[in-house]
Amino acid sequence: MESDSSINYKKNPLAELFKFLKTDLEGLTDEEAVKRSKIYGLNEITKKKKLSPWLKFLIYFKNPLILVLLAAAIISGIAGEIRNTVIIIIMVFLSVILNFYQEHKSSQAAEQIAKKLAVRATVLRNRVKKDILTKYIVPGDIILLTAGDIVPADGRVIQADDFFVNESALTGESFPVEKTENGGESNNVIFSGTNVVSGYAQLLVIHTGGDTEYGKIADKLRAPNQVNAFEIGVTNFGIFIIKIIIAIVLIIFFIDAFYKRNVFDSLIFAIAIAVGITPELLPMILSVNMARGSIKMAKKGVIVKRLNSIPDFGSMDILCTDKTGTLTENKITLVKYLDIFGNESAAVLRLAYINGYFEAGIKSLLDKAILEFKDIKINNLKKIDEIPYDFIRKRSSIIFEEDGQRHISTKGAPEEIFKICANYFDGEKNNKITSEIIKKISDLYDSLSNDGFRVLAIATKDVTNGRKVYAKTEESEMTFRGFVAFYDPPKKSAKETLVFMKKHGIDIKIITGDGPLVTKKICEELDLKITGIISGDEFDMDKMSDQAIAIKAASANIFARFSPTQKAKIISSLRQSGFVVGYLGDGINDAPSLKNADVGISVENAVDVAKETADIILMNKSLKELMDGVLEGRKTFSNTMKYLMMGLSSNFGNMFSMIGAVIFLPFFPMLPGQILLNNFLYDFSQLSIPLDNVDKEYLKKPKHWDMKYIKKFMYIFGPISSIFDFLTFYFLYSIFHLNASMFQTGWFIESLATQTLVIYIIRTRKIPFLQSRPNKYLVFTTLSAILIGILIPFTFIGSYFGFTALPANVIGAIFILVLIYLIIVEIAKRIFYRVCAKCQF
C-alpha cells in the first residue's frame, strides 16, 4: 500500500479510496488489521516516550525545593561541612524516594482506571460488527458512529443519516455541522477528536494517531486544564512560603555576618535555616493523601481520573446536576397521551411513536419509554428524512410517507412546539389557533407539569412529495396535536441523601432541560427548599451583565429549559463568585459544564465525550456515592492542612527565634548540621500525617484555602513558639550557664519537642486525646522522633554533631517549658477559633 499522503481523501471518489486502502464496505479482517497496526502503529496521539523507572526517579530531582537542598549540600561540601552535606543528601533522597514511590503507585492505579474507562468503537471486522478499543483502529477500517461517540480517526463518510458532528475541538465553532457522503470537501470528512451530536454514519478510516488533523496540532490544542480551587490554594501558599523563607534567611545572614562571624559561616548557617523551614515533604504528603483517597473511593464505586480533584471534593460547596437519575429513579414511563382537550388520543401516541421509532442515533430515555409503552405496527410507513434534535430548537422532526402522502411528525419541548403551530386538530379537522385555544393548551400543559409529569408536545403537517432533503424551515405553520406525558418517580433514597448533603454544607442546584413546573414538583416531593426558579427563556446571556448573571446563579437553585451553553455559563459564574463547584452530567450536552467545573463528575454508562471530560466517574449514579467522595476529599484537605499549619506555627517560630539568637548570643544557637538533623527528625515524625484520623465535626462543612486566615494563624502561633524559644535561651544561658555545645543540645531537644508535639494540638479543634484521638502511627512516629532526639547526645552520633549530654535537671526544665508551651498553644487555639469562627481551613 502506498503512502496515504499521495491521495486526496476529501476529493477522490470513494471507489478510488477503497482501492487505494485495499478494503471494501465489509471492512478488514482481524489478521489484516494486525498487519496494518504494525505499519501505522497504535491509534493514539503521540505521547512522550514512556520513561524507565530510573529515569522517572531522576526527574524528581528537578523539583525547585530539591534543587535548593542540593545547592545547600554542594555549598556545605565545598566548605568542608561533610556532616551537613550527608544530612541534606539523606533528606533529599528520603523526600524523592517517598514521593516517587507514592506517585508510582498512583500512576499504576491510574493505568488500571484508564483501562476500565478506555474508549471503544464499533467497527466492521471479518464482515461482522465488533466492539474494539479505539487504539486498535487502522487505516481501511469501517467505523459505525452514532450520537455520543467520540470520533476516533480521520476519514471519509461512506453513508450518513441525519449525521451532525460537533467540531468545536478543532474549529472552535460550537454549532453542530452536518456530514454527508455526497457533501463538499468540508462536509464529507470527519476528524478525530470531534464528537457525534445526532444521527448515524459509516466512516472509512484514512488517518490514525499522529497522522490525524488532531494529532498534527495536538500540542496547540492541548489547552491547560482549568486550574481548580485546590491547585490555586497550593500555588498561593507556595508563593507565600518562598517570600517568608527569603526574608528570614536574608535577615539572619546579614545580621549574623554584620555582628561577629565570617561571611562564609553565616552563609552556611542561613542555608541550614532555609532547609529547616522548607516544606520539602509537602509533595509527598499531597501524593500520599490523594493516592489513599483514590483507593478508598474506588472501593466505594467512585473512580478518580484526576487526583487533584479529591481535595476539591472536600471544598465543594455547590453541586449542580440534572434531576433525572439523580433525584429521580431514571425509570421513565409513558403514562398519558392526550389531545388538546385532555382526552386520551391513540393518534397522538402513534405520531410520537413514529417520531421515536425513526429517530437515528442513540434513543433518548423518553423515546425508549414511548417505544416500550406499546408496539405500534408502522411497517407500511417509509422514512424519508429527519431534522434531528438540537439544543437550540429543542425538537426533532421525522418526514415519513404513508399511502403515497408525506407528513412531518414533530415532538419536543412544548414551549418550542407552540412557536411553530398555527393550527390545532379538534379530532375531525384542522382549525386556526385562537387565544382561547392557546389558553386551553397552556392550562393543560401547566396541569400536567404541576402533577410532576415530564411533557412533550406533538405537532404534524403534510409536506410536498418528491424531495429527498427537508430543512428546519419546514417546521412552521404546523398543526398542534397534543401531549405525551411521562413519569419518573423520585428516588426513595434521595430525600435522605439531600438532608445529609445539607448538613454537610453542600447546596444543590438543578440545571435541567425539563420545564420549571415538573422540576419544581419533584423538588417539593423531596422537600428540597426552592430558593428561586429561572427558565432558559428568561436567561439572555448576551444582554445580561456578569454581575447580574452571578446574582441569579447564586440566588436560584432551579434552572429549567437550559441549553448546554447556558449551563456552562452558570458553572463559570458560580466559580468566579468564589464557590467551589461540582457538576454531575452524563450527556453530550454536559461536556462544556463538566470542563468548566472544579470537579466534573460523570457515570460509567455516560456517553464517551462526557466520560472523557470528567474528573470523577461514578460506577452508579447516586448522590450517596458522591458524599463518600466529599468526605474523603475533606479528610485529604484536613491532613494536608495539618502539615502546613505545623510548619507555620512551631517550625517557623523556631526560625524566627534565630533572628534574636544571632544578635544576643556569642555563638550559633544551633550549628548548621544540628539544624539539619533537627529538620530530618521532624520530617520523619510527619510521615504518618496522611494516615491520621479526622474529627467528624471537621467533615460537616466544606473547607477552602484562605490565605488571610492562614497568615493570621502564623502571626499568632509563630510568635508564641518564639517566646518559648527565648525563655529556653534564658534558662539555658543565664540560669544554667551552659557552654555553647550544651546550649545547642538543649535547644535542639526543646525545638524538636515543641514543633513535633504541637501536631496533637493543631490536628483538632477539640481537646487532644480526651476528645480527639490521633492515629496510632502518628503517635509512634512523633514519640520516636523525640526519643531519638533525646538519646542522640548520649551516643557517638551526638559527639559527631557537636552535642553534649545534658544533666537530668536541664532536661527536666526543658520538658516543663515544653509542657507549658503546649498548654498555652491549646488555650491560644481555642481563643483563635472562637474569634476566627469562619476559618475555612
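Trainee: What is the relative accessibility of Lys-495, and how does that residue count?

Mentor: Lys-495 has 35% relative accessibility, so it counts as partly exposed. The cut-offs are under 20% relative accessible area for buried and over 50% for exposed, with partly exposed in between (1.4 Å probe, protein chains only). Keep in mind that this is a predicted model: local features need pLDDT of at least 70, side-chain atom pairs count only at pLDDT 80 or more, and totals for chains, interfaces and linings use all residues. Residues are numbered from 1 along each chain as its sequence is written, and side-chain values use heavy atoms, with hydrogens and water left out.

Trainee: Thanks! Which residue forms a salt bridge with Lys-495?

Mentor: Asp-527 does, with the closest N and O atoms 3.4 Å apart. A salt bridge here is a side-chain nitrogen of Lys or Arg within 4 Å of a carboxyl oxygen of Asp or Glu. This pair links distant parts of the chain, 32 residues apart: Lys-495 sits in helix α17 (residues 494-503) and Asp-527 in the loop between α18 (516-525) and β19 (533-535). Those element names come from DSSP runs numbered from the N terminus: helices are H or I with at least four residues, strands are E with at least two. Asp-527 has a relative accessible area of 58%, so it is exposed.

Trainee: How many salt bridges does the count come to?

Mentor: By this rule there are 34. One of them joins the side chains of Glu-26 and Arg-127 at 2.9 Å, N to O. Those two are 101 residues apart, with Glu-26 in the loop between α1 (14-21) and α2 (30-40) and Arg-127 in the loop between β1 (120-125) and β2 (128-133). Glu-26 is partly exposed at 38%, while Arg-127 is exposed at 65%.

Trainee: And Arg-763 with Asp-692, how far apart are the closest N and O atoms there?

Mentor: They are 2.7 Å apart. Again the pair links distant parts of the chain, 71 residues apart: Arg-763 is in the loop between α27 (759-762) and α28 (776-791), Asp-692 in the loop between α24 (672-685) and α25 (707-735). Arg-763 is buried at 6% relative accessibility, and Asp-692 is buried at 7%. Elsewhere, salt bridges that share partners tie Arg-393, Arg-395, Glu-416, Lys-419 and Glu-475 into one network.

Trainee: Which strands are joined to β22?

Mentor: On one hand β21 (residues 581-584), which runs parallel to β22 and is joined by 3 bridges; Gly-582 stands opposite Val-599 there. On the other, β23 (residues 616-618) also runs parallel to β22, with 3 bridges. Ile-601 stands opposite Ile-616, and Ser-602 opposite Ile-617.

Trainee: What is the strand order in the sheet?

Mentor: The order is β8-β23-β22-β21-β9-β18-β20-β19, an open sheet of 8 strands with mixed pairing. Two strands pair if DSSP finds at least two bridges between them. The edges are β8 (302-304) and β19, each pairing on one side only.

Trainee: Last topic, helices. At roughly what angle do α26 and α30 cross?

Mentor: Helix α26 (residues 740-757) and helix α30 (residues 808-835) cross at roughly 25°, their axes coming within 10 Å. That makes α26 roughly parallel to α30, since angles under 35 degrees count as roughly parallel, over 145 as roughly antiparallel, 65 to 115 as roughly perpendicular and the rest as oblique. The axes are lines fitted to C-alpha atoms, for helices over the stretch in contact, and angles run from 0 to 180 degrees between N-to-C directions.

Trainee: Which residues make that contact?

Mentor: From α26 they include Gly-746, Ile-749 and Leu-757, and from α30 they include Phe-815 and Tyr-821. Contact means heavy atoms within 4.5 Å.
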